[in-house]
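Please go through the model below by question and answer. Keep the sequence at hand.

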Amino acid sequence: MHKTATDVIGAQQTIKPSCYDGGTREEDESQEEAEVARPLVSETEGSHTELTEPSVCVGLADTGDPTAELGHPERQTWSRQMDFIMSCVGFAVGLGNVWRFPYLCYKNGGGVFLIPYILMVFFGGIPVFFLEIALGQFMKQGGVATWNIAPLFKGLGLASMVIVFFCNTYYIMVLVWGLYFLVHSFTSPLPWATCGHEWNTVNCTTNFSRVCFNQSLSPSPLNVSSLNHSAICLEPAGLRSSVMEFWERKVLRLSGGLDEVGNISGYLVLCLLATWVIVYFCIWKGIKSAGKIVYFTAVFPYLVLVVLFVNGITLPGALNGIIYYLKPNWSKLSEAQVWIDAATQIFFSYAIGLGALTALGSYNRFNNNCYQDAFILALINSGTSFFAGFVVFSVLGFMAAEQGVDISNVAESGPGLAFIAYPKAVSLMPLAPLWAVLFFLMLLVLGLDSQFVGVEGFITGVMDMLPPKTFIGSVRREVVVAICCFTCFTIDLSMVTEGGMYVFQLFDYYSASGITMLWQAFWECVVVAWVYGADRFMDDVACMIGYRPLPYMKWCWSYITPVVCMGVFLFHVVNYKRLVYNAVYVYPWWGEVLGWFLALSSMLCIPVTVLYKLLHCKGSLMERWQHLTTPIWGRHHLEFLPPENEARLLPKAEENKNTLLYESVI
């Protein structure tokens with residue numbers, strides 16, 4: 001008896017693949033989640049003959065209409081395609097664009113840094129960015145289930161979920177600190193602009209001038225007042241600025257080290273709770289609600305950046321800051337560190353390897369032009385980074401002029417820019433509370449959309465893993481989101497203690513570091529290009545968008561991007577340095593062990609899963625490889641198989657009404 005693909009879909013039965021051993025077929029021990037089975041190898045009498053499997057979209061590419069609406073009938077899709085664009089902008093464009101790129105640009109040769117940066121965008125950022133979006137759109141799954149395209153490497157999905165879980169856990173602390181600063185910005189004068197408060201010491205000063213030394217020349221590690229690890233900046237005559245004391249003694253209540261946990265800050269707990277509640281209600285109903293919220297969270301930061309830029313360029317010294325930002329230093333091009341920084345920044349700012357992009361892409365219409373979207377999003381992302389440099393350095397130029405110091409003495413990156421340098425600059429401006437409110441509101445909103453889209457990506461992966469028609473699979477999405485948010489909130493309590501900053505930096509340095517993201521991106525390219533097939537995936541993309549992307553995409557996936565990823569990965573490993581906070585506190589050995597546990601918990605998912613699947617499948621090694629690298633197609637793939645491609649039911653050795661074994665005849 002023969003049935004068409006549509007008939008098989010109509011049966012709505014759970015279909016399992018099988019490993020084969022010799023002349024018999026045995027049920028695979030690893031249960032796949034509610035997907036249509038992969039095409040099996042055809043059998044001839046007395047032997048197994050491998051069927052060369054083309055792209056699942058070949059039939060449609062040749063005979064179908066690429067503009068037809070092809071969707072997953074049971075999966076949500078974006079109400080408008082702009083919802084997807086804005087969600088990707090909200091997720092990929094984050095705090096790193098504002099507080100990391102401008103500093104890297106000035107440190108690595110000013111305008112010269114744009115040369116390696118743009119090259120890395122085209123040969124590293126865009127190819128992997130497009131790969132993840134297209135993969136999610138094609139498979140209509142997020143997280144682990146995305147890698148049904150090559151089931152042996154489902155560890156890639158698991159690794160991305162581990163990384164994004166860690167990111168969701170610690171990244172929100174930046175929003176907590178931003179909310180705390182925002183609440184304290186509605187006073188005049190600003191609390192960090194003056195001394196005499198309960199948290200201030202007798203060494204407090206409102207004279208923000210500092211003397212900075214290179215670390216190798218610094219005579220003493222005392223009185224460090226910058227989170228920038230490239231220099232040690234000392235307050236004059238041993239005094240400490242009021243901004244630094246507000247940050248360390250009021251906000252962080254910083255202890256002496258990782259082993260000094262201290263008490264929990266009640267105010268930070270309230271800010272943490274409020275932030276997680278906001279995140280929960282942004283995504284609890286899925287993309288239908290989140291897709292609307294991102295319009296505000298993605299657009300508002302740009303409006304504030306423009307306002308801050310207009311205000312910044314009117315300040316004395318602003319032009320010097322912008323010139324300092326762009327002044328080219330051509331000798332920097334010969335330094336390997338410049339190219340490494342450019343590549344690492346790309347993978348950070350494009351949020352590659354976190355799995356959220358595949359989750360967002362999985363909600364696209366099947367025929368959405370994700371190729372065009374990838375270039376648009378890359379332009380927005382990198383353009384934002386470049387423009388943010390003008391905003392930041394116009395203000396830093398003003399601050400340097402006010403203090404009478406060189407701009408290099410006030411230029412910082414990371415939290416040091418957001419919570420030390422910029423608050424100092426704001427306190428020197430007219431109408432200081434207004435600019436403080438705008439800046440920290442922008443910081444909060446800019447990080448908020450990255451946070452809730454990251455959580456959405458994790459939730460999508462979890463929901464796609466839950467087995468259907470079971471008690472676990474019937475759990476409402478709202479409950480799953482609540483459990484996820486509560487779990488992260490519980491872990492975050494360790495970061496609102498007096499030793500919380502040390503815990504935060506441990507997560508930031510190891511769990512979602514350049515090493516883990518580069519490792520993830522390397523294997524994504526290798527699996528798609530060499531296991532599934534670069535040409536085959538190009539055909540799949542052509543099936544979705546109606547034409548084949550430029551060949552350069554295939555070359556990048558196959559050669560250029562993996563080489564770049566592995567090269568930068570090895571550079572980071574070889575040049576690994578122990579984690580140090582504030583250029584003074586060196587983490588204990590057990591802290592480093594904990595950090596490497598966080599890093600390896602995602603990196604080892606890939607090889608461990610490969611070994612597990614190979615060992616638990618039947619047959620020879622070659623048969624196991626062929627079976628476990630054969631894609632598991634979803635129902636939406638069968639919808640557009642051409643009429644001549646039928647699926648026939650296989651005779652069942654065991655009566656099981658809930659299981660259908662079928663073979664796709666292509």
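Predicted model: local features only at pLDDT ≥ 70, side-chain atom pairs only at ≥ 80, totals over all residues.

Q: How wide an arc do the buried residues of H21 cover around the axis?
A: Buried in H21 are Gly591, Glu592, Gly595, Leu598, Ala599, Ser602 and Met603. They lie on the same side of H21, because the arc they cover around the axis (taken from the directions from the helix axis to the C-beta atoms) is only 135 degrees.

Q: Which helices are included in what covers the buried residues of H21?
A: Helices are DSSP runs of H or I, at least four residues, and strands are runs of E, at least two, numbered from the N terminus. Contact means heavy atoms within 4.5 Å. The cover of the buried H21 residues includes H7, H18 (500-511), H19 (514-545), H20 (551-574) and H22 (605-615).

Q: At what angle do H7 and H9 pack?
A: Axes are lines fitted to C-alpha atoms, for helices over the stretch in contact, and angles run from 0 to 180 degrees between N-to-C directions. The axes of H7 (residues 155-183) and H9 (residues 266-283) are 9 Å apart. The packing angle is about 115 degrees.

Q: Which joined residues have an omega of about 0 degrees?
A: The bond is a cis peptide. Its proline lies in the loop between H7 and strand S6 (204-205). The pair is Ser188 and Pro189.

Q: Is Leu431 buried or exposed?
A: Leu431 sits in the loop between H15 and H16 (432-465). Its phi is near 55 degrees, a positive value in a residue other than glycine. With a relative accessibility of 61%, Leu431 counts as exposed.

Q: What is the relative accessible area of Asn582?
A: Asn582 is in the loop between strands S10 (580-581) and S11 (585-586). Its phi is positive, about 60 degrees, although Asn582 is not a glycine. Asn582 is buried, with a relative accessible area of 6%.

Note on methods:
Residues numbered from 1 in each chain as written. Heavy atoms only, no water. Buried < 20%, exposed > 50% of the residue type's maximum accessible area, 1.4 Å probe, protein only.
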